[in-house]
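Thanks for coming. I will go through one model today, piece by piece, and keep to what can be read from the coordinates.

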Amino acid sequence: MKNLKLHKSRVVHVEQLKDAASVQIISNGELCYSTNSAIWRLNLKDQHRLVVNLSTTDVYINADCDNIKITSYAYYEPWDSFVVGCSNGDVLLIQENIVEIAYKCENVVSNILCSPDFERIILLTGQEHITLVTDCFEMLNNFNIIKVELSEKLLVNVGWGKKETQFHGSEGKDKRVVKEVIGDGNCCDDSINICWRPDSLLFAIGFLDKVVNLRSIKIFNRDGILQYISEPLSGVEAVLSWKTTKELISFSQHVNEKYFISFMEKNGLKHGDFEIPSTVNVKQLLWNHDSSILCIQCADSDSNYLLFLSCTNYAWQIKKWMTIENKIITAKWLPDNSLQLITNNGNYYILYWSETLCTSSPGTEDWVAVIDYCSVLLTPFKQVIIPPPMFDVKLTLESPVDSVLYMPHNQSKNGNDICIITSDQTVHIYHYKEECYVKSNTVYRVSNMFGIFNHWFWLNENTVIFSLSEVGSIHHICIAKIDDGFKHITKYNVELPIVSILNHDKGALIQLSNGQLLLWNEQMNIIDPYLYLPEECTHLSVMDNKIYALGVSKRLFENDKVILNNIGSFCIRYPFVLAATLNQRLIVHNIHPTKDNDDQYHRRVESGSKIITVTGNSVILQLPRGNLETIKPRPLTILSAVELIQDQKYLIAFDLLRKERINLNVLCDLHPSKFIDDLNEFIIQVKDPSWISLFVTELEDKNYLNTVYASQFQENNVEELDSKVFIICSRLMNTMEKLNKDKYAFPLLGCYVKLKRFDLALNLASMNNDYLKHLLFLVDVDQLYKASLAEYNLEMAMKIINNSQLDPKEYVPFLKELEKMECHLMRYTIDDKLGNKELALKNLVNCGGQFEKCLKYIIDNNLYSYALTLFNRDQNEYKTIAKHFADLLYSKMDYKLAALIYNQSIERNKAIGSYLKAGFWKESLELSYELNFDDSEIKKIKANILSTLSSTLKFREAADFAEFELKDSKLAVDYCIKAQDYTHALYLARSRSLLDSDLEKCIKLSCVNTAQNLISDINSQNENFVTLAKRLVEVRKENSSETTPYDNLNDTSSEISSVSSYRTSSTRTSCRSARKQQRKMWNLKRGNFREEPTIVLTLKQIIEKFENFKDNVKTISLLLVRFEEFDVGHALQTTLEYFQTSIFDHKSTVWP
């Protein structure tokens, strides 16, 4: 489906080449030419320089130089030297201006040909003689072309029979007849042609065998030993070329008044051919570096031509027909896919070629046009997919076709119209009407302009743009108006060769060879710089006011930014860029940012696949051999489905999603509220209940366009619907019940299952056995069986067993046993079997007279809380259950709740001990008063309370209890002292007249001891703080030279817990082991990898202790003043101030 385009061109006039006897192209911009006695080397950027002049060289200083002429020469690339053949038989080697005779032949050296690897040199001398030498000019072989005979690889008859008895396949029986090959007559060309195979292992020689008067081809190996001789063929011409892909030899041939380019295998047997126009004569066959383009140099009586052909599915097509006014002296393909040629008037042509596609704009029939000589082969891929070389529509013209144009999308009124440019610059327009093409009566022609016409572009219905390259590297952009009949063409001169032209909202964009884009403003009729691409690009497209360009380095650019690498071809369909990579991938790139930019759609394709066009949700790829492959990428399918849903074409969208196996939630996820409003229309369009059932089955609450297909969807803000399944299924149920409940029974069952309404589903399934079978398909049979039992529907349970694979021997006896039971007992049995323990208990209670069984069921299944709700509080059953419940809570050490429950049971006295265990001594004492305990029992309880408070170190509460309940002020003072509440102890002692010198001395001594303990603690914390701060500085210095993976840990305790929880969950250790592991990880041992964060955390904890010290010091200091212990108080405050100073001094070091 590909055509060829002249990517860019230059024409340079070289005056020195006019008088040259022969010219050879060395490399890009560098060539050499010769006269009879001299060879010159020329670079377009520099002056020409002399390589050798036989009349002045030292080699022939004593000889008659005037009679020695240069007859042939070759450039020897490895040594940057020349091999020159002379008329006297000498072969000269010229290197760095040093001339020496490298070899001597007996006759004139008429041709010199080096092998591609430059290790062999063929010398053709007069009288059909070949001399083969090495790169050091050591002779390998010397033979006469006609007389040499096979000595290797002779044909052997293995007894396969005669040709008349062999099978010849599709060629038919006529092939069995052995036809005699008749000679070509006296007009045969007797010249000798030599060509090397690109790998330098073989070379072929074409010559005229005068015995049979036929041209023959002999194939030799690199040592000059004959390997094969071609089969007898008539009409073979003196044109010979080996394909660069090494497999075939190409040559021209006349057969039955037809002209062919034929192919031959290395064994000399013909291998196919194709026909070319018989009006021209082939002069040379030129293959590009990968044999994808064949250039045929032709001539007739008037002009010279270049025919450019490519092959698709073994069909050769003429893609370009170029007319060259002057005779072509030499032509050569270079590795950069440029054809360089020189004419006899001194013009030097540099033509860069590339493959291109001619496709119509989006929104049309997706036409793809293929050029084949004078015909245009059209295929509308939106209607039909036809592999090349076949086609759907053929348009034939009188002249060879040069270009085929379609108008761009934003300018197209009828994008199916086509404009065809022929090689003589004639413009033909075809209009697409009633599904056929009608040619316009007006034909336009570009006249009075000379040069290379290229880059034709149909901008709009009245404007055609093209480029013109003239001799002297002069380049123009030409604007032609159709309504003007191409009579007045506006020309704009540009500095560099033009590479491509594409559309723009304001006019057209022109790309130059340096990557610069120029904008031609149609309204203002001026050209201004627009954008600089990073490099020269071969393919450009415009989408969403952005330029997408494929560079020569195979990078895909969005304006000047690289978005994809390693790209072979691409195509656009808003909002996607579809690219085929060189490593066998098809990528769909969303130009808009998505929620997951890394999740890019890609899939494998065959190696060498190229994108032809995109139609609907299909991507058409062409494989290297020419076959087509259709791929439907998921993003394009979703895009097509979204467009259909927006147009309310639910049936087509449903069918598309179903075929491509895309989740049907997409139907309702685009606009959920709109879809709910259109549910009636959705059901009417889809009609098929099985399709609706499929939709219901796939329904999920998540939005697939925001989750699963987020990277493949062009929008990011899709409306979310809470409780989507519930809302849609509910509305579907209502709609289908109104339309036809019997017809949509299956979808209704699906809705019931989605909503977990098995009661409704079983009710509907009971109406028809088919409904039940469908329900069994939707729901697991065990789940459905349990649902029927949960509804206590034994009849439906029996039907489910009969319509499933469940074993009747296991289930039927159980159902029959249930039928015999009393109603509540049956329900209890069913609920207990199904695990509905609370319902089972309720039904067991309703049976009556089963309290012992109820109590055991409650205890076994821990149903105390629910059981208490089934009885009144004044019932003995309630109190009994509460007693067992409280015993359980007490055993679990939940004393507070156990006390509350005990208080409602038959053993309320146990609540006193539970309250006391829970620390609620007031509630315990209150309950003892409520239960009218005698004084001795209350006294024991009080003693127990005091002992409990003392053992739990609640001295302050013990003091209050002793003061108010025991009326023992002396004991209360003792507990205040233990609680270090010396102020209250003094208050009680004085108010109760208990203060004497001994008690006051005891309080004072305790206060002083507390102060001294505080001083000791503060000093200890201060020393610890200073030591850790100094160690922290050392650790940070060590870590500055060696970074650890824990540099980013901060000093919050949440990280300790998070790490601890991670370790605990990952190793599944017990709580005690986890704490032990935590202590190991977060300790202050030197060299611990967590030493720095551990030190920071410890310093933070010390500062928190300092805040507590301040309150305690304040209280103790007031008491010390009261007791006149000024020295101790002063020491205490000084110690605290010193600690505070240390913290302030090191704070900036710890937290810089």
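Gln-297 has Leu-306 in strand E24 as its bridge partner. This is a predicted model, so please keep that in mind throughout. The pairing here is between strand E23, residues 294–299, and strand E24, residues 304–312; six bridges join the two, and they run antiparallel. As a reminder, strands of a sheet pair through backbone hydrogen bonds, either parallel or antiparallel.

Where do these two strands belong? They are part of an open sheet of four strands, in the order E22-E23-E24-E25, with antiparallel pairing. At the edges are strand E22 (281–287) and strand E25 (315–324), each of which pairs on one side only. From one strand to the next, the twist averages 25°.

Next, aromatic rings. A pair of aromatic rings is described by the distance of the centres and the angle of the planes. The count for this model is 35 aromatic pairs. Take Phe-263 and Phe-274: their ring centres are 6.0 Å apart and their planes meet at 40°, so this pair is tilted. Phe-263 is in strand E20 (residues 258–264) and Phe-274 in strand E21 (residues 270–276), so the pair ties together parts eleven residues apart in sequence. Both Phe-263 and Phe-274 are buried.

A second pair, Phe-746 and Tyr-771, is edge-to-face, with 6.1 Å centre to centre and 85° between the planes. Phe-746 sits in helix H8 and Tyr-771 in helix H10, 25 residues apart, so this pair links distant parts of the chain.

Lys-243 lies over the face of Phe-263, 5.9 Å from the ring centre. The charged end of Lys-8 sits over the ring of Tyr-352, at 4.8 Å from its centre.

Back to helix H8, which spans residues 745–754. How much of the helix is covered? Eight of its ten residues are buried, among them Pro-747, Leu-748, Leu-749 and Tyr-752. The cover over the buried residues includes helix H6 (689–698), helix H7 (724–740), helix H9 (758–765) and helix H10 (769–778). Just after H8, Lys-756 takes a positive phi of about 60°.

Last, the overall layout. The domain assignment gives domain 1 (14–144), domain 2 (446–532), domain 3 (543–631) and domain 4 (962–995). The centres of domain 1 and domain 4, taken over C-alpha atoms, are 129 Å apart.

Terms used
Residues numbered from 1 in each chain as written. Predicted model: local features only at pLDDT ≥ 70, side-chain atom pairs only at ≥ 80, totals over all residues. Heavy atoms only, no water. Buried < 20%, exposed > 50% of the residue type's maximum accessible area, 1.4 Å probe, protein only. Contact = heavy atoms within 4.5 Å. Domains from an automatic or database assignment. Pairing = 2+ DSSP bridges. Axes fitted to C-alpha atoms, helices over the stretch in contact; angles between N-to-C directions. Phe/Tyr/Trp six-rings, centres within 6.5 Å; stacked < 30°, edge-to-face > 60°. Lys NZ or Arg CZ within 6 Å of the ring centre and 35° of its normal.
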